[in-house]
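Please read these notes alongside the model.

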Amino acid sequence: MSSTRYKISNRNIYGFKINLPQTILLLPVMMALALLVEFALGPILYQFYAKDAALEENAVGNEAGQDIPVASSIADMETLGAFTLIVKGVVINNDTVRSGNEIYHRVQLPSGEKVIAHINKKAIQDTDEPGVYRMPAGTWKEWDPPAEVMIFEDFLASTDHYVDMYGDYVPVLTEDSYTRALGMKASVWIYVIILLLYRTIGVRRWRFAPALFWKRDPLLPRNDLECWCASTFAIWAHSFDMLEGWPLITGAHGSRKVVSNFRNVSLEEQWDIHNRQQGLETVHELVDRHAGRLDTLHPGWDLCRATQLLGMMYLVKMIDREELDQEFSRAGRVIQQQFHSWDEMAESYLGGYEAWLARTGHADAAQAAARRRNIFLNLKANPDGPYSVPWQTNLAWTPGSKGERTVVKRVLFRYRPPA
């Protein structure tokens with residue numbers, strides 16, 4: 001037995017391919033919510049953001065008040081607790097040193113000494129003299145200089161200290177910049193949240209398989225009875241492009257297209273089934289004509305279609321899960337009475353299918369019959385496929401019981417669909 005793990009179909013795993021229109025319709029909703037955050041919530045949050053970011057008056061990095069002394073030398077800076085500098089604009093614009101994300105300036109003091117300064121340029125003030133500026137409030141601070149600064153060691157009066165005129169300043173965006181940035185971030189989070197909700201709701205409504213935690217797919221068999229009965233219509237479940245195959249108990253997930261096809265075409269047009277009562281009557285007719293008899297014609301064709309109909313009825317919500325299991329048990333036990341193996345059942349099913357094609361005058365009867373037989377052979381060749389389920393699996397059903405799970409655990413752990 002192969003040890004390969006179960007892999008769900010990726011045809012509809014994220015729900016985007018066959019639910020593209022719904023996905024596109026979500027975009028205006030996400031854009032509207034993002035704009036609401038930007039233009040309605042943004043200005044309110046900005047007031048709190050700006051207030052929290054502001055420095056105290058005359059704090060390091062803030063604008064220097066008129067009462068803060070101006071330092072002229074390193075000696076002044078060592079003596080003064082807080083001070084400011086008067087610097088020419090050419091220094092601020094050109095004499096810079098970058099270290100990582102920080103930009104430092106090489107400043108010459110009136111004493112002729114050159115030092116390194118870290119300056120909050122937002123707090124620089126004009127003076128009466130053009131091109132000369134009053135620096136923010138600062139302090140003479142000890143540090144371990146970065147390598148980029150040490151390149152200028154020979155030109156600096158001190159490298160073990162620098163002028164800190166940045167302090168705890170946090171750049172404050174303008175209201176427009178802040179709300180715009182908030183809107184962009186909100187759009188990402190809104191997309192993620194809506195995507196998760198869309199995925200969760202879609203899985204719960206059976207529209208597509210979970211992208212993660214695939215064992216929680218509600219359309220996977222939850223007991224041995226469902227797994228066995230899903231194997232009875234595995235050939236059909238692999239015969240159409242819109243179907244996703246075994247071991248889904250419905251053959252496919254319930255996208256709008258599949259549900260519409262099952263309800264309007266398969267059940268109503270082809271079987272004249274419009275409600276639960278008509279559906280169960282049809283299933284019972286297919287099963288009862290072979291129950292207790294071994295001389296009927298093509299019983300596999302009728303009986304496998306009976307379980308197939310039950311899966312379709314469940315997907316369109318004509319019956320619930322308990323009724324599905326009850327009817328699966330009833331039909332499955334008749335199938336076990338009629339045949340001794342999956343091969344016998346499949347041959348009877350394929351024989352009935354060929355007879356039906358001939359009776360209905362199908363244009364490509366031979367090709368259609370050969371195609372389904374090839375599907376059977378491919379499924380049979382898969383050691384972890386539908387026919388790896390033991391034929392004599394217990395199909396008993398008890399109201400309110402979850403049923404045995406010995407077989408289904410092994411199947412979902414080891415199954416890998418044929419290539």
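Is the crossing of α6 and α11 left-handed or right-handed?

1. The crossing of α6 and α11 is left-handed. A crossing has that hand if the near helix is turned anticlockwise from the far one by less than a right angle, and is right-handed if clockwise. This is a predicted model: local features need pLDDT of at least 70, side-chain atom pairs count only at pLDDT 80 or more, and totals for chains, interfaces and linings use all residues. Residues are numbered from 1 along each chain as its sequence is written, and side-chain values use heavy atoms, with hydrogens and water left out.

2. Two packed helices are described by the angle between their axes and the distance between the axes. The axes of α6 (residues 224-232) and α11 (residues 321-338) come within 9 Å and cross at roughly 60 degrees. That makes α6 oblique to α11; angles under 35 degrees count as roughly parallel, over 145 as roughly antiparallel, 65 to 115 as roughly perpendicular and the rest as oblique. Axes are lines fitted to C-alpha atoms, for helices over the stretch in contact, and angles run from 0 to 180 degrees between N-to-C directions. Helices (H or I, at least four residues) and strands (E, at least two) are DSSP runs, numbered from the N terminus.

3. On the α6 side, L225, E226, W228, C229 and T232 are in contact (heavy atoms within 4.5 Å). They meet R321, D325, F328, S329, G332, I335 and Q336 of α11. By class, this contact has five nonpolar, four polar and three charged residues.

4. α6 is mostly covered: nine of its nine residues are buried (under 20% relative accessible area, with a 1.4 Å probe and protein chains only). Among them are D224, C227, A230 and S231. The buried residues of α6 pack against α7 (234-237), α10 (299-315), α11, α12 (342-360) and α14 (406-414).

5. Three strands form an open sheet, in the order β1-β6-β5, with antiparallel pairing. Two strands pair if DSSP finds at least two bridges between them. The edge strands are β1 (86-88) and β5 (125-126). β5 pairs with β6 (residues 132-134) over two bridges. D126 has Y133 as its bridge partner in β6.

6. The five-strand sheet is also open, with the order β2-β3-β4-β8-β7 and mixed pairing. β2 (96-99) and β7 (139-142) each have a single partner strand, so one side of each is left without a neighbour in the sheet. Neighbouring strands here are turned by 35 degrees against each other on average, direction ignored.

7. β7 and β8 (residues 161-165) pair in the antiparallel sense over four bridges. V163 in β8 is the bridge partner of W140.

Definitions and conventions. Nonpolar A, V, L, I, M, F, W, Y, C, P; charged D, E, K, R; others polar. Buried < 20%, exposed > 50% of the residue type's maximum accessible area, 1.4 Å probe, protein only.
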